[in-house]
Amino acid sequence: MGILLGLPIVILLTIFQSVVVSNIPLLHGTADLVLLVLAALALQERISTIYEWAVMAGILMGLVSAVPWFIPVFGYVGTVAFARFLKRQVWQTPVLAMLLTTLSGSVVMLGMQMLALQAQEVPISIVESIDLVILPAVFLNVLLALPVYALTVDLTRSVYPEEVEV
């Protein structure tokens with residue numbers, strides 16, 4: 001059921017990311033709503049199919065972006081794995097785990113995208129891409145991390161209610 005529920009959610013997130021969020025830049029960087037939702041869902045105990053969601057989201061984002069399809073797949077799966085690791089290690093403070101996951105996932109994802117574009121011989125300066133794209137995008141992601149986490153926790157509780165022990 002988790003994969004069947006995840007597919008429409010990932011499709012809607014990809015569409016919303018491509019149409020709305022990408023048109024709200026800070027300098028040239030934009031927030032990655034898909035990354036934020038995947039990180040927040042990875043910190044939830046009840047979501048067991050999060051890796052499948054990350055692969056689906058990565059493939060879809062790879063199809064609609066200018067980078068090779070495998071860059072978002074590796075970035076999202078790596079972010080989910082890091083969030084699951086932090087959930088096991090820093091279990092008392094999920095907000096801190098969300099912020100750390102967002103920060104590290106954003107930097108790694110944007111760094112991989114920058115390297116992929118340079119490998120495709122796109123004429124971009126490393127300093128300009130860091131100053132104008134990576135830092136503003138990381139700032140937006142960290143700024144939106146807590147509201148996305150709060151919404152995801154509420155939605156997860158309504159979709160996956162806690163089981164009452166008898």
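I began with E45, which counts as exposed at 62% relative accessibility. I kept in mind that this is a predicted model.

**Entry: the salt bridge**

I looked for the partner of E45. K87 forms a salt bridge with E45. Their closest N and O atoms are 2.7 Å apart. The structure holds one salt bridge, and this is the pair I found. K87 lies in helix 4, residues 70–89. E45 sits in the loop between helix 2 (33–42) and helix 3 (50–64). The two parts are 42 residues apart in sequence, so the pair ties them together. I then checked K87 for burial. K87 is buried, with a relative accessible area of 18%. I noted the general idea too: side chains of opposite charge can pair when their charged atoms come close.

**Entry: helix 4**

I stayed with helix 4. It has 20 residues. From its first C-alpha to its last it reaches 28 Å, close to the 28 Å expected at 1.5 Å a residue. Which residues of helix 4 are buried? I listed I71, P72, V73, G75, Y76, T79, V80, A83, R84, L86 and K87. What do they pack against? I found helix 2, helix 3 and helix 5 (94–119).

**Entry: aromatic rings**

Next I searched for ring pairs. The structure holds two aromatic pairs. The rings of W69 and F70 have their centres 6.0 Å apart. Their planes stand at 90°, so I wrote this pair down as edge-to-face. Ring pairs link W69, F70 and F74 into a cluster. F70 is partly exposed, with a relative accessible area of 35%.

**Entry: helix 6**

I moved on to helix 6, residues 126–159. It has 34 residues, but its end C-alpha atoms are only 43 Å apart. A straight helix would reach 50 Å at 1.5 Å a residue. I looked for a bend. Where does the kink lie in helix 6? I found it at A145, shortly before the proline P147. The kink is about 40°.

**Entry: N141**

Is N141 buried or exposed? N141 is buried, with a relative accessible area of 2%. Its side chain reaches the backbone nitrogen of D32 at 2.7 Å. I then left aside its neighbours within four places in sequence. N141 is in contact with A31, D32, L35, L36, T102 and S106.

Methods:
Residues are numbered from 1 along each chain as its sequence is written. This is a predicted model: local features need pLDDT of at least 70, side-chain atom pairs count only at pLDDT 80 or more; totals for chains, interfaces and linings use all residues. Side-chain values use heavy atoms; hydrogens and water are left out. Rings of Phe, Tyr and Trp (its six-membered ring) pair if their centres lie within 6.5 Å; planes under 30 degrees apart count as stacked, over 60 as edge-to-face and the rest as tilted. Buried means under 20% relative accessible area, exposed over 50%, partly exposed in between (1.4 Å probe, protein chains only). A salt bridge is a side-chain nitrogen of Lys or Arg within 4 Å of a carboxyl oxygen of Asp or Glu. Helices (H or I, at least four residues) and strands (E, at least two) are DSSP runs, numbered from the N terminus. The expected span of a helix is 1.5 Å times one less than its number of residues. The bend at a residue is the angle between axes fitted to the seven residues ending there and the seven starting there. A polar contact is a pair of N or O atoms within 3.5 Å; within protein, one must be able to donate a hydrogen and the other to accept it, and residues adjacent in sequence count only if both atoms are side-chain atoms. Contact means heavy atoms within 4.5 Å.
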